[in-house]
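Please read the numbered points with the sequence and the model in view.

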Amino acid sequence: MLLRMKLDILAIGAHPDDVELGCSGILIKERKKGKKVGIIDLTEGELGTRGTVETRYAEAAEAGRIIGVSARANLQMRDGFFQNDEAHQLKLIAALRTYKPEIVIGNILEDRHPDHGRAGHLIYDSCFLSGLRQVKTWDADGDEQEHWRPKYLLHYIQDRFYEPDVIVDISDEWEEKLQSIVAYTTQFNSAAGDGPQTYISSPEFLDAITARARLLGKRIGVKYAEGFLSKKNIGIHSLDALVLQET
C-alpha cells in the first residue's frame, strides 16, 4: 500500500534486497540528516531460488527498519517478466506522484540479471513521463494526481562494475548497511532455510560487496563508499561539498 507522503529520497529496486545492496548506505546517511527516505520494490522476488514471498516481505520489513525508511511499498510486478511498457510505467508514475521525491535512486541500466537493466530503463522513462501534465494517473481515492518529476535520478552499481559518476562516503554507515543486507537471511546465509546454495548465498558474495565498497572508498580517501551513475550533470553549491583528500 502506498502511503500518501512527501519523501526526500526514493530508492527503487527490481527485487527486495536490490536497494540494500546498491544504496542503503546513502539512504541511512541522509536519514540521519533528517531526510525522509523510502523504498519501492517492483516485484516480490517470487522467482528467487531460496525463501518465499512471505519471507521476502518479512526480511524487507526488517531491512527497512534498519535503514529507517518512512515508507516501503511493493508494486507486485511479475518477477522476471515485467516490462518497460505503458501499463508498468503508469503504475510506477502513480507511485512517484504519491511520494513526490526530490531524488530517485534506481537500478543500473544494464547488468547480469535482465530484471536489473529492464527496471533501470523503466525507472528512467517513468521519472521523465511523471513530469508530463498530459500523462494522467489517479490515486487510491480516484483523484487525479499532479505531475511530478524528480530533480535527479541516480543509478546504483550492481553485479557488473561501472565507473561511477558520483562516489559517496558511507564509512559511518557501513555496519548498518551490512545489517540491512544480511536481514535477508534466506538470500545471503547459506546455512539458513531450505534450498540450494546460490550465486548470492555464498560467503564470497558478501566479501565481494565489501571489497567493492573498500575499492570505491579508496578512490576518495575514505574506508567505504557507494558509487552511482547519472545521465544528468550534477552540480554542487560550493567546494565545501567535496571530500578533501591528498592529490
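**Notes on the predicted model**

1. Ile236, Leu239, Leu242 and Leu244 together form a nonpolar surface patch of about 470 Å². Leu244 is classed as exposed because its relative accessibility is 76%, and the class requires over 50%.

2. Two packed helices are described by the angle between their axes and by the distance between those axes. Here, helix 1 (residues 18-32) packs with helix 2 (residues 53-67) at about 35°, and their axes are 9 Å apart. Helix 1 contributes Glu20, Ser24, Leu27, Ile28 and Arg31 to the contact, while helix 2 contributes Ala63, Ile66 and Ile67.

3. Gln76 deserves a look at its backbone: its phi is near 55°, a positive value in a residue that is not glycine. This residue belongs to strand 3 (residues 71-77). With a relative accessible area of 52%, Gln76 is exposed.

4. Lys100, also not a glycine, has a positive phi of about 45°. Its position is the loop that connects helix 3 (86-99) to strand 4 (103-106). Is Lys100 exposed or partly exposed? Lys100 is partly exposed, because its relative accessible area is 22%, and that class lies between the limits of 20% and 50%.

Key:
Residues numbered from 1 in each chain as written. Predicted model: local features only at pLDDT ≥ 70, side-chain atom pairs only at ≥ 80, totals over all residues. Heavy atoms only, no water. Patch = residues over 30% accessible without salt bridge, like charges linked within 9 Å, V, L, I, M, F, W, Y side chains within 5 Å. Areas by Shrake-Rupley, 256 points an atom, 1.4 Å probe, with all protein chains shown as cover. Salt bridge = Lys/Arg side-chain N within 4 Å of Asp/Glu carboxyl O. Buried < 20%, exposed > 50% of the residue type's maximum accessible area, 1.4 Å probe, protein only. Axes fitted to C-alpha atoms, helices over the stretch in contact; angles between N-to-C directions. Helix = DSSP H or I, 4+ residues; strand = E, 2+ residues; numbered from the N terminus. Contact = heavy atoms within 4.5 Å.
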